[in-house]
Amino acid sequence: MRYNKIRKMDISNGPGVRVSIFMQGCEFHCKNCFNAETWNFKGGKEFTDETINRVLELSEKDYVAGLSILGGEPMHPKNIEGTIELARAFKKKFPKKTVWVWSGFLYDDIMERNKEVFDYIDVLVDGQYDDSLHNPTLQWKGSSNQRVIDVKKTKKSGKVTLFCD
């Protein structure tokens, strides 16, 4: 597994100041994707224990509200185990900070393939970006077909519950 970059102070991908990691590799290739350089699974840098430790180190600052995991595609079968490993380590060290994940896959599809990931995620923005539905006024998502899902409430109720801040 590979990753593209780590941002140590990101204010556009989730609430508050966050540490963000962009996983490498995506097969969706959405038209006008804001991060097309992450599509190639062979690009970027190797994702290792050092990568996880770097993310955790950057997240120690009190002003960091949480971790955002984007892509590329963090829920792709080639990336999901690393996403789980990172989110698990983050939640173990910072149980009160939030983990947000963006995925072109839908919640139910991810749940069928590997529901363990939802043990460590607070919010999932799901659905492929659709350029024809782009709306720059949307918060946390690029197109109106995408959903910002409160994972904890969704798991508790058994039906998709949207995040409202």
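Is Phe118 buried or exposed at 1% relative accessibility? Phe118 counts as buried (under 20% relative accessible area; exposed is over 50% and partly exposed lies in between, with a 1.4 Å probe and protein chains only). The model is predicted, with local features requiring pLDDT of at least 70 and side-chain atom pairs pLDDT 80 or more, whereas totals for chains, interfaces and linings use all residues. Residues are numbered from 1 along each chain as its sequence is written, and side-chain values use heavy atoms, leaving out hydrogens and water.

**View 1. Edge-to-face pair of Trp100 and Phe163.** The ring centres are 5.1 Å apart and the planes stand at 75 degrees (rings of Phe, Tyr and Trp, the last by its six-membered ring, pair if their centres lie within 6.5 Å; planes under 30 degrees apart count as stacked, over 60 as edge-to-face and the rest as tilted). Trp100 is buried at 1% relative accessible area, while Phe163 is partly exposed at 23%.

**View 2. Tilted pair of Tyr107 and Phe118.** The centres lie 4.7 Å apart with the planes at 40 degrees, so the pair is tilted. Tyr107 is buried, with a relative accessible area of 4%.

**View 3. Lysine charges over phenylalanine rings.** Lys78 lies over the face of Phe41, 4.6 Å from the ring centre, and the charged end of Lys97 sits over the ring of Phe94 at 4.8 Å from its centre. The criterion places NZ of Lys or CZ of Arg within 6 Å of the ring centre and within 35 degrees of the ring normal.
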